[in-house]
Amino acid sequence: MKIDFHSHGKLAKKLPFSEVYTDWMFQEAKKAGLDAICLTEHFNTLQFDEMYQYVIRRCSRDGDSLKNPDGLRIFTGMETDIAEGGHILCLGVPEQILELNERLAFHKEKENFLPFEALMDLFSKYHLIVGAAHPFREGSNIPKLPKRQLARLDFLDLNGKDVAQDAHRTETLTYDMGKKLNIPVVGGSDTHQGVQYGCISTMFGQDIRTLEQLYQKMSSGAYEIHISENAANKVETAGLLKKALKEIYACGGDYVSVLLNA
């Protein structure tokens, strides 16, 4: 199973949810050769619940995951900001992700972000797999947190966007942190735009349906991370396209129609 551990279903947090755009994203994931994705939308994105309810309706349940009509497996999750600076990923069954997002309603503005410890305390009440997103990106203070706090993490995100910009730094720092904490490092594209799928992916030797199976395979190291030779080009192209589509929306245009009818 070829999976992307960090992906989004919307072009940008402040843009309205589009069913057509989200469907297109999933189609592009399949075209990029992925069997599965972790849909880790920002917890404070506009219409978070509407997007996830749509995905649930559109897909069939298979274990702890969802399968869309094209056969793409989707593990639902969320990307949450912390007060110290940085983002935390969590993976769980759809109903728990929606419930968690509702419980975090008060904490969606920067001045109300939960500290890492408080967020982890909340997460501990649910059956989740929790990781640090792009821990060494500018603005993230996750590596500075006390080791006793970091020990509560289940994995680290080797982020495709960061790898494309500086592979040596990102891989060295992320793998070193993983070794110190004795937790796995897995690959996620961090894409908001279909072109970026495939810049990085994580390969398991079998199909995985449940969170328990996923955690076991991650913890045992039974996987390989694949970084595309075209990762830098994919990320750069996706960034330019995202910027152009957002500008179309800002000017009152229908960026989804422009994208799909181009």
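In this predicted model, a polar atom of the Thr210 side chain lies 3.1 Å from the backbone nitrogen of Gln213. Thr210 is part of the loop that runs between strand E10 (200-204) and helix H8 (211-220). Its relative accessibility is 18%, and since buried means under 20%, Thr210 counts as buried. When neighbours within four places in sequence are left aside, Thr210 is in contact with Gly63, Asp64 and Phe75.

Another residue to look at is Arg61, in strand E3 (residues 60-62). Arg61 and Arg209 are 148 residues apart in sequence, yet their C-alpha atoms are 9.7 Å apart in space. The relative accessibility of Arg61 is 42%, so this residue counts as partly exposed. The side chain of Arg61 makes a polar contact with the side chain of Glu95, at 2.6 Å. Leaving aside neighbours within four places in sequence, the residues in contact with Arg61 are Leu66, Pro94 and Glu95.

Pro94 also has a part in the packing of two helices. Helix H3 covers residues 94-103, and its axis comes within 10 Å of the axis of H2. The two axes cross at roughly 170°. An angle over 145 degrees counts as roughly antiparallel, and H2 and H3 are therefore roughly antiparallel to each other. On the H2 side, the residues that meet H3 are Phe48, Asp49, Tyr52, Gln53 and Ile56. Their partners in H3 are Pro94, Ile97, Leu98 and Asn101.

H2 packs against helix H1 as well. Helix H1 (residues 19-31) and helix H2 (residues 48-58) have axes 11 Å apart and pack at an angle of about 60°. H1 and H2 are therefore oblique to each other. The crossing in which H1 passes H2 is right-handed. From H1, the contact is made by Glu19, Thr22, Asp23 and Phe26. From H2, Met51, Tyr54, Val55, Arg57 and Arg58 take part.

Gln27 is also in helix H1. With a relative accessible area of 34%, Gln27 is partly exposed. From its C-alpha to that of Ile200 is 17 Å, while Gln27 and Ile200 are 173 residues apart in sequence.

The loop between strand E2 (36-42) and H2 holds Gln47. Phi of Gln47 is near 65°, a positive value in a residue other than glycine. Gln47 has a relative accessible area of 22% and is partly exposed. A positive phi in a residue other than glycine is found for Asn182 too, with a value near 60°. Asn182 lies in the loop between helix H7 (167-181) and strand E9 (185-188). Asn182 is exposed, because its relative accessible area is 70% and exposed means over 50%.

The next topic is the interior. In soluble globular proteins, nonpolar side chains tend to be buried together. Here the largest nonpolar core has 63 residues, and those that touch the most other members are Ile74, Ile88, Phe123 and Leu153. Apart from this core lies another, of 19 residues, including Phe5, Cys38, Ala133 and Phe155. With neighbours within four places in sequence left aside, Leu153 is in contact with Ile88, Phe116, Met120, Val130, Gly131, Ala132 and Ile183.

Ala132 and Ala133 are also among the contacts of His87, a residue of strand E6 (residues 87-91). His87 has a relative accessible area of 17% and is buried.

The last stop is Ala231, in helix H9 (residues 231-250). Ala231 is buried, with a relative accessible area of 5%. Leaving aside neighbours within four places in sequence, Ala231 is in contact with Ala164 and Cys199. Ala231 and Asn159 are 72 residues apart in sequence and 11 Å apart in space, C-alpha to C-alpha.

Note on methods:
Residues numbered from 1 in each chain as written. Predicted model: local features only at pLDDT ≥ 70, side-chain atom pairs only at ≥ 80, totals over all residues. Heavy atoms only, no water. Core = buried A, V, L, I, M, F, W, Y, C linked by side-chain atoms within 4.5 Å. Buried < 20%, exposed > 50% of the residue type's maximum accessible area, 1.4 Å probe, protein only. Contact = heavy atoms within 4.5 Å. Helix = DSSP H or I, 4+ residues; strand = E, 2+ residues; numbered from the N terminus. Polar contact = N/O pair within 3.5 Å; in protein donor to acceptor, adjacent residues only side chain to side chain. Axes fitted to C-alpha atoms, helices over the stretch in contact; angles between N-to-C directions. Parallel < 35°, antiparallel > 145°, perpendicular 65-115°, else oblique. Left-handed = near helix turned anticlockwise from the far one by under 90°.
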